[in-house]
Amino acid sequence: MSEQSARVTSMTGFARSDGGATSTSDDGAATDWSWSWEIRSVNSKGLDLRMRLPSVAERWEQTVRERVSASVNRGSVTVNWSLEKADRATTPELVVNEAFLETVLGLQQKLEDKGLVFPTAPSLDRLLNVRGVLETVERVADTTVIEQLQAPAFADLDTALAALVEARHREGARLETVLLGHLDEIDSLTADAAKVAEAQPAALRKRMEGQLALLLAASPPVSEERLAQELALLATKADVREETDRLSAHVHACRELLTGGGAVGRKLDFLCQELNREANTLCSKAIDLDLTNIGVELKTRIERFREQIQNVE
């Protein structure tokens, strides 16, 4: 893995690992098994793990969760382990995953408790068509059989997890390039805003003169102290140097996070909020159309940046 690909990790990825082993029953009969691990990952606010294991391997769920958690910090991760006898000539027994079926029926009850009325009760054939309720993996009555498969199966799980991490790094490298490009655009627009603001003295002076004429024509006349306060307030509102300085500082902080590596998604999301806040303030202070247009374009670029960082771990 290159240094570039290791800096930013995406929450999107997919990996698969196939394997198999031979188990021996108490009577000495050997059975060949084959399996496949599939792991999918998409973006999420935290780490959300979902398991789909055959009923014979449900006791592994906590161990699988621990292994996944050790490799992934954020994301909605679905882990699926399919198991079958390697001899395809043998017809597998159909097994109902009773625990999952109870979960499905419990969900129906929860929905009914919230006022959602089903026109008819779910039929058996519809329940059995729910993915995960009916399994074609043979039930292993001898617990020692599944225990014999655990070590090689977990070795393949580790292989799949390593492939998932690699896929998330590859996607992260592509994502980093996109995000740095957005930051370059935000930085360029910030520089444009600073230049336009520096070229605004004439417009500011004209506005001040108009404000001054209104104040002098007021009845009763405005005091000199009040006049000075109004003019100072107008000058302060038109000064966007603080906003452009903060925008530049936030862009620099975002670049450091992206190139520093690690789980930086939440920090980037916070900085994106700060970028948007400064862009809003800049728009509210704009005294001419050029600066307003730059502010609107800034907000558009920041929003594109925000959308992309939702995929960063």
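Modeller: A residue is called buried when its relative accessible area is under 20%, exposed when that area is over 50%, and partly exposed in between, using a 1.4 Å probe and protein chains only. A173 has a relative accessible area of 16% and is therefore buried. Please note that this is a predicted model, in which local features need pLDDT of at least 70, side-chain atom pairs count only at pLDDT 80 or more, and totals for chains, interfaces and linings use all residues. Residues are numbered from 1 along each chain as its sequence is written, and side-chain values use heavy atoms, with hydrogens and water left out.

Biologist: What percentage of the residues in the protein is buried?

Modeller: Of the 313 residues in the protein, 36% are buried.

Biologist: How are the helices and strands assigned, and how many of each are there in the protein?

Modeller: Both are DSSP runs numbered from the N terminus: helices are H or I runs of at least four residues, and strands are E runs of at least two. The protein has nine helices and six strands. A173 lies in helix α4, and its C-alpha atom is separated by 7.3 Å from that of R7, 166 residues away along the chain.

Biologist: What does contact mean here, and which residues does V68 contact beyond its neighbours in sequence?

Modeller: Contact means heavy atoms within 4.5 Å. Leaving aside neighbours within four places in sequence, V68 is in contact with L49, V77, V79 and L161. V68 belongs to helix α1, residues 61-71, and is buried, with a relative accessible area of 0%. From C-alpha to C-alpha, V68 and V79 are 8.9 Å apart in space, and they are eleven residues apart in sequence. Across the protein, among contacts between residues at least 6 apart in sequence, 81% join residues at least 24 apart.

Biologist: Is Q148 buried or partly exposed, and where is Q148 found?

Modeller: Q148 is found in helix α4, residues 143-198, and is partly exposed, at 33% relative accessibility. A polar atom of the Q148 side chain lies 2.8 Å from the backbone nitrogen of T24. Beyond neighbours within four places in sequence, Q148 is in contact with T22, S23 and T24. The C-alpha atoms of Q148 and S23 are 6.1 Å apart in space, although the two residues are 125 apart in sequence.

Biologist: How is the packing of two helices described?

Modeller: Two packed helices are described by the angle between their axes and the distance between the axes. The axes are lines fitted to C-alpha atoms, for helices over the stretch in contact, and angles run from 0 to 180 degrees between N-to-C directions. Helix α7 (residues 241-260) packs against helix α8 (residues 265-285) at an angle of about 160°, with the axes 9 Å apart. Angles under 35 degrees count as roughly parallel, over 145 as roughly antiparallel, 65 to 115 as roughly perpendicular and the rest as oblique. Helices α7 and α8 are therefore roughly antiparallel to each other.

Biologist: Which residue classes form the contact of α7 with α8?

Modeller: Ala, Val, Leu, Ile, Met, Phe, Trp, Tyr, Cys and Pro count as nonpolar, Asp, Glu, Lys and Arg as charged, and the others, Gly among them, as polar. The residues of α7 that meet α8 include L247, V251 and L258, and among their counterparts in α8 are L271, L275 and L282. By class, this contact has eleven nonpolar, three polar and six charged residues.

Biologist: At what angle do α8 and α9 pack?

Modeller: Helix α8 and helix α9 (residues 289-309) pack at an angle of about 165°, with their axes 9 Å apart. That makes α8 roughly antiparallel to α9. The contact of α8 with α9 divides into twelve nonpolar, four polar and three charged residues.

Note on methods: Polar contact = N/O pair within 3.5 Å; in protein donor to acceptor, adjacent residues only side chain to side chain.
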